[in-house]
Amino acid sequence: MPADIRADSEPGPRLPRRVRIGYGLGSLCTGTFATVPGLILLYYLTNVLAVPAAVAGAAVFLPKAWDVLVNPLVGAVSDRSRLRGGPRRPFLLIGACTLPPLFALIFAAPPLRGAAAAGYVAVLFLLAATAYAVFQVPYVTMPAEMTEDPAERGRILGWRVGFLGVAILLSGALAPAIAHADGDSPASYRTMGIAVAVLLALGMFGAWFTTRWAPAVARSEAEPSLRAQLAAARSHRPFLFLAGMWTLQALAIGVMLAGVQYFATYTLGSPAAVTPLFACLIGPLVLVMPLWNRLARLRGVKGAQWCASLLFLAGAVLLAFTPAGGPALGYAAVVLIGVAYAGLQLLPLTMLADTLAADVARTGKRRAATFTGLWTAAETLAFALGAGVFALVLAVTGFRSSDADHRVAQPEAALTGITMGMSVLPAVLAGASLWLLHRYREDRIGSVSPESEPPESVPQPSAMPPQPVPQQEETDRVD
């Protein structure tokens with residue numbers, strides 16, 4: 001239970017196990033789609049399709065930047081939906097039917113090279129990113145609408161994060177292994193695209209089917225426009241600092257994901273080294289997750305987030321010394337980063353869920369879809385920008401692109417840029433996020449701002465029967 005919920009709080013009804021597990025299955029999609037393109041797509045463009053680094057960076061970044069616009073739009077449309085099956089599940093089904101085939105087509109490797117290949121990939125990636133938004137935004141919103149009990153939300157998120165770790169480990173280890181099985185040939189990338197599409201479909205259809213038994217105890221209210229959604233975020237200082245912190249940390253992770261294949265190939269000397277590197281990064285995810293949960297209970301979620309952020313920063317700095325210390329030092333640094341990454345996957349989500357619940361208590365408005373739409377848009381943009389930033393590092397340092405049949409030697413500046421882009425740049429971003437974490441003040445359930453009416457005076461959404469008002473706590477409000 002989050003630290004800001006009193007131990008004697010009234011527990012809510014527990015959800016059926018099949019709902020919690022089934023909802024978690026959706027993370028097979030979110031973890032896979034957040035990982036594989038960031039890990040492979042830039043390298044696929046520069047080293048298989050001979051796309052110049054700067055052009056490849058634009059082809060990866062621009063389609064995902066589109067999510068900044070489409071994610072809030074999907075959230076608003078989903079809020080207003082009156083489709084049969086509820087406001088969320090029909091969108092899960094639409095995403096499940098469209099994203100897997102689009103993902104496979106991204107890596108279909110047509111007989112194109114250079115700018116033409118970049119254009120083909122960018123268009124398919126844009127369509128895939130849109131399909132992913134249709135699934136992801138309603139999916140992330142659902143826990144806040146299934147239950148108003150923070151402890152039960154924690155159990156739902158526990159399954160979600162558990163499947164997220166499985167998805168990241170499975171897709172991040174197997175996708176490069178399949179892609180490199182035939183010497184980075186276009187055929188091996190086609191096989192990889194189909195295999196990952198199957199994994200996406202399994203998670204998406206599984207989440208859609210099993211959440212049919214999920215209750216709907218609350219429903220979010222849509223802001224009327226993107227401008228109104230951004231205004232709502234600006235007026236909510238805890239969310240603003242929390243989202244900013246996670247955006248910088250997601251950008252640091254995105255830069256690392258984009259660079260790990262180059263780091264394996266040119267710093268460690270073997271393209272196949274990406275699989276053990278990724279295992280070191282993601283392997284600790286499931287193993288240490290209970291420890292981060294325990295630390296959050298002992299020190300509070302914000303205190304645990306400080307520990308995870310500082311550990312990530314230390315691991316990134318240590319990674320910069322790999323050329324001098326050898327591969328063993330590099331692997332050890334990545335394990336350290338992996339332990340921190342487990343916390344960074346769990347703790348911001350926990351803080352977000354608590355902040356959204358406190359927003360309901362403070363304002364009487366259910367704006368989960370508004371805030372989660374902005375959150376997922378910022379997260380998606382950060383991961384995409386990570387690939388674009390690393391591509392810019394490659395372009396500035398003189399990296400030479402090639403196709404699968406012709407390998408070229410890289411200048412010393414490019415080799416240095418790969419190591420620094422993989423280590424020092426993420427460390428700087430992680431350091432900057434600490435200032436926003438410092439400014440974040442835990443938004444406690446039960447604290448009501450002077451400008452807000454108490455929740456009792458706010459009418460419930462007409463689509464739902466009146467809900468009991470949660471018992472408020474006497475807490476000190478911190479700006």
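Axes here are lines fitted to C-alpha atoms, for helices over the stretch in contact, and angles between N-to-C directions run from 0 to 180 degrees. Helices (H or I, at least four residues) are DSSP runs, numbered from the N terminus.

What you see above is a predicted model, in which local features need pLDDT of at least 70, side-chain atom pairs count only at pLDDT 80 or more, and totals for chains, interfaces and linings use all residues. Residues are numbered from 1 along each chain as its sequence is written, and side-chain values use heavy atoms, with hydrogens and water left out.

I will start with helix packing. Two packed helices are described by the angle between their axes and the distance between the axes. Take helix α2, residues 27-47, and helix α5, residues 89-106: they pack at an angle of about 15°, and their axes are 12 Å apart. Angles under 35 degrees count as roughly parallel, over 145 as roughly antiparallel, 65 to 115 as roughly perpendicular, and the rest as oblique. So α2 and α5 are roughly parallel to each other.

The second pair is helix α10, residues 237-267, and helix α17, residues 412-439. How far apart are the axes of α10 and α17? The distance is 8 Å, and the angle is about 165°. That is why α10 and α17 count as roughly antiparallel.

Now handedness. A crossing is left-handed if the near helix is turned anticlockwise from the far one by less than a right angle, and right-handed if clockwise. The crossing of α2 and α5 is left-handed, and the crossing of α10 and α17 is left-handed too.

Next, single residues. Buried means under 20% relative accessible area, exposed means over 50%, and partly exposed is in between (1.4 Å probe, protein chains only).

Ala 250 sits in helix α10. Is Ala 250 buried or exposed? Its relative accessible area is 0%, so Ala 250 is buried. Ala 250 and Ala 384 are 134 residues apart in sequence, but their C-alpha atoms are 9.5 Å apart in space.

Pro 110 is in the loop between α5 and α6 (115-146). Pro 110 has a relative accessible area of 18% and is therefore buried.

Ala 50 lies in the loop between α2 and α3 (53-65). Ala 50 is not a glycine, yet it has a positive phi of about 55°. With a relative accessible area of 26%, Ala 50 is partly exposed.

Thr 275 belongs to helix α11, residues 274-282. Because its relative accessibility is 24%, Thr 275 counts as partly exposed.

Last, the surface. Val 166, Leu 170, Leu 174 and Val 286 form a nonpolar patch there, with about 320 Å² of accessible area together. Patches are made of residues with over 30% relative accessible area and no salt bridge; like charges are joined within 9 Å, and nonpolar side chains (Val, Leu, Ile, Met, Phe, Trp, Tyr) within 5 Å. A salt bridge is a side-chain nitrogen of Lys or Arg within 4 Å of a carboxyl oxygen of Asp or Glu. Accessible areas come from the Shrake-Rupley method with a 1.4 Å probe, and for residues only the protein chains shown count as cover.

Which helix gives the most to the nonpolar patch? Helix α7, residues 150-179, does, with 3 residues. Val 286 is found in helix α12, residues 284-299.

Key: Helices (H or I, at least four residues) and strands (E, at least two) are DSSP runs, numbered from the N terminus.
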